Amino acid sequence: MNETLIFMGPPGAGKGTQATKICENRQLKQLSTGDMLRDHVRRGTDLGVQAKQIMDAGKLVSDDVIIGMVRAELQQMADIRVLFDGFPRTTAQAQALDQLLQELHAPLYAVVLLEVDEEAVVQRLLKRAEIEGRSDDNEATIRKRLSVYNEQTSPLIGYYAGTGKIKKIDGMGTVQEVEQRIKEALA
Ligand code: ADP
């Protein structure tokens, strides 16, 4: 059976960590557009070369590129069982996703919104920078990513509000506590 979940929340909210757990639990494929882009950067593709500059500046890669990447992934899946992590990030991406899911007869099950304190996420990301060394985890880029989230992505909360599918989750606490809240909300 097809199932689609969207994980939303500001950078550093813990989307990736929680997404991995929920994917295991519900047998979904995790599609992180950030990971897909970082893979292009590592492989040195044309897209990767272009995307790196944008990502390092904390800005968004163009909707066309992102939508094309997601479309290609979904079209090669026999069953659409996916969890989107970091997508959609703009209204145009959300509209394109609606259309894609309709074409593929894959209904949206829920949108999980991880709510966190902004200062706490800045601190989390600075700590992650020391461990993972992601080139966009420096303070200036982190603050830019947060403002891009507030301006371009948070309007999607309103976009999905009418569907009744948004699950707002308190993202502060231990990984296990947050995981438990998400599982309860999706049960
Ligand atoms: P985070 O949410 O922690 O900032 P991501 O790995 O989701 O990290 O994204 C890292 C960067 O990749 C973003 O700042 C942006 O430049 C780019 N990116 C990822 N997903 C998208 C998307 N859906 N639309 C546009 N740009 C994206």
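1. In helix H1 (15–26), the buried residues are Lys 15, Gln 18, Ala 19, Ile 22, Cys 23 and Arg 26; buried here means under 20% relative accessible area, exposed is over 50%, and partly exposed is in between (1.4 Å probe, protein chains only). They cover an arc of only 140° around the axis, so they sit on the same side of H1; the arc is taken from the directions from the helix axis to the C-beta atoms. Helices (H or I, at least four residues) and strands (E, at least two) are DSSP runs, numbered from the N terminus.

2. A word on the model before going on. This is a predicted model, in which local features need pLDDT of at least 70 and side-chain atom pairs count only at pLDDT 80 or more, while totals for chains, interfaces and linings use all residues. Residues are numbered from 1 along each chain as its sequence is written, and side-chain values use heavy atoms, with hydrogens and water left out.

3. What lies over that side of H1? The cover for the buried residues of H1 includes S1, strand S2 (29–32), strand S3 (81–85), S4 and H9, with contact meaning heavy atoms within 4.5 Å. The length of H1 checks out too: its twelve residues should span 16 Å at 1.5 Å a residue, and the end C-alpha atoms are 16 Å apart, which agrees. The expected span is 1.5 Å times one less than the number of residues.

4. Now the H1/H9 pair. The two pack at an angle of about 50°, with their axes 10 Å apart; axes are lines fitted to C-alpha atoms, for helices over the stretch in contact, and angles run from 0 to 180 degrees between N-to-C directions. H1 and H9 are therefore oblique to each other (under 35 degrees counts as roughly parallel, over 145 as roughly antiparallel, 65 to 115 as roughly perpendicular, and the rest as oblique). From H1, Thr 17, Gln 18, Lys 21, Ile 22, Asn 25 and Arg 26 meet Val 175, Val 178, Glu 179, Ile 182, Lys 183 and Leu 186 of H9.

5. Helix H6 (residues 118–132) and helix H7 (residues 139–153) have axes that come within 10 Å and cross at roughly 135°. That makes H6 oblique to H7. On the H6 side the contact includes Val 121, Val 122, Leu 125 and Leu 126, and on the H7 side Ile 142, Leu 146 and Asn 150 are among the residues involved.

6. Some backbone spots deserve a look. Most residues other than glycine have a negative phi, and most peptide bonds are trans. Gln 27, in the loop between H1 and S2, has a positive phi near 55° and counts as exposed at 63% relative accessibility. His 105, in the loop between H5 and S4, also has a positive phi, near 55°, and is exposed with a relative accessible area of 64%. The peptide bond from Phe 87 to Pro 88 is cis, with omega near -5°, and Pro 88 lies in the loop between S3 and helix H5 (91–103).
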